[in-house]
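Welcome, and thanks for taking a look at this one with me. Here are a few numbered points to guide you through it.

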Amino acid sequence: MIATQHNSFSIEYNTRLSGFFGSKPTYLISAGGKIKTIQQACPKCGSAEYVDNGYHVVEDSLVLALGLGIRIAQFCCKKCGCLWSSNRDIIDHFVQKEKELVKSLMLGCVRSGLSLGRATSLIGGTTGVNYSPQYLHEMYTDTLSQVKNERAASASGVYYYDEQYLVCNGEKVCRLTIKDAVTGKVLTDTQTEDAKKETISRVMRDGLEGLPVDAFIVDMLPVYPGIITELYPKAKMQWCIFHLHKSIWKKLQEEFGKHAPLLQIYNVYNLFDIFFDHTPEIEKLQELLKTLNANKTGDSKSDRELEKTMRKEFGKFVKDLKKQRRRQHQLTPRRTLEQSTERFSQIKHQILLYPKSLQARIRYMDENWEKFTLFQHDSRVQPTSNGIEQYFAATLAKTDKKEFRSKEAVSRELAACQAEWNGNQIFSTTKLVEVLRLAGMLFLAFPQT
């Protein structure tokens, strides 16, 4: 007679009757798949005198899908008439592990960008179990509802702040976020009705209460300086240079159209070169301008085509340069404060050589010079708000296309985004092999129907 044991019960293969080993709690499994604890006692009076009172069938979807006929024995106390069922922890453990696996799959699919419908279809088709979309949706939302983000006990004092707009039932709601620029931890990621001055002030004050505040890295919205100065008079600001460069391009296109002359592109890159080293691009533009001037024919049409070709060549050069830097894990080199000051001084002296749109941007930089150069004074400060943009892109990157059905759904998603980014595990890590191990044991123990 061959026997096997697994923690709480053992099965004799030829009779399906259990053997007992030591003092471990064990189960008796009949040939018909009826399971009961070997040592029964009335849960009410403690009497060991009872009679069998039938059974109930385990109707969990996975157990039925596996074709397992598991019956839980029921008893009646001879002394007090109490009715109870046999211990079924081993079955419940298997069912719970299976649910944790499905939950893990569901959360993984949705957090990776699949819709709830596609995730449901994928899981059902892969596992072979017909889960209802409502069941999986409730499992997903219940899990996210339990995510809690603890308040940070400490922080660096340097923070990114930004906003993102989401869609909820066709209406915009705001996502206001504060991220530690040094530790990378997200301190606040919350949904609000709007991004008015009062709302931003409240979120900043509540999110940073009790924490040091030295500096903020923000884009160039005019409302930010007043809010920050009012809340934190000693805090400094770094305006995002990436947003500065975007505004320079925008102003240039407003004046010259989508296809600006090559000379004006050269002027733009001279402004870009103030805070970051764009020497390769400037040298390439100088080369192209020299070629353009040498090959002009005086015919406006052919000259336009020639310049168009030069613009395309420069566009390809910039694209290839970015690819090369990405492959080598390099960023565009930063200028020192001395280098930036020297370059900007030269540009101010030559301001009349620039078009009116860029002259306005040069004056704007001059008026707010300290807000663009804080990163060159404080190594903790970054020159752009890319750190928080990366967080947005890694979480709800397609929010402009995503339709949330309720504000509660927005809050759940934002809580999950913050928890995941901060390194918290938001769902079970149950592995398939754990479920298979338990399933194999049950196949040995119980007959298939």
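1. Keep in mind as you read that this is a predicted model. Let us start with a cysteine: is Cys42 buried or exposed? Cys42 is buried, as its relative accessible area is 3%.

2. The structure has zero disulfides. Cys42 takes part in no disulfide, and the nearest cysteine sulfur, that of Cys80, lies 3.6 Å away. A disulfide would need the two sulfur atoms within 2.5 Å. Cys168 is likewise in no disulfide; its nearest cysteine sulfur belongs to Cys174, 12 Å away. With a relative accessibility of 7%, Cys168 also counts as buried.

3. Next, a pair of helices. The axes of helix 8 (residues 262-272) and helix 12 (residues 356-367) come within 11 Å and cross at roughly 5°, which means that helix 8 is roughly parallel to helix 12. Helix 8 contributes Asn267, Val268 and Leu271 to the contact, while helix 12 contributes Leu358, Ile362 and Met365. Sorted by class, this contact has five nonpolar residues, one polar and no charged ones.

4. Leaving aside residues up to four places away in sequence, Leu271 touches Ile248, Ile347, Tyr354, Leu358, Ile362 and Met365.

Key:
Residues numbered from 1 in each chain as written. Predicted model: local features only at pLDDT ≥ 70, side-chain atom pairs only at ≥ 80, totals over all residues. Heavy atoms only, no water. Axes fitted to C-alpha atoms, helices over the stretch in contact; angles between N-to-C directions. Helix = DSSP H or I, 4+ residues; strand = E, 2+ residues; numbered from the N terminus. Parallel < 35°, antiparallel > 145°, perpendicular 65-115°, else oblique. Contact = heavy atoms within 4.5 Å. Nonpolar A, V, L, I, M, F, W, Y, C, P; charged D, E, K, R; others polar. Buried < 20%, exposed > 50% of the residue type's maximum accessible area, 1.4 Å probe, protein only.
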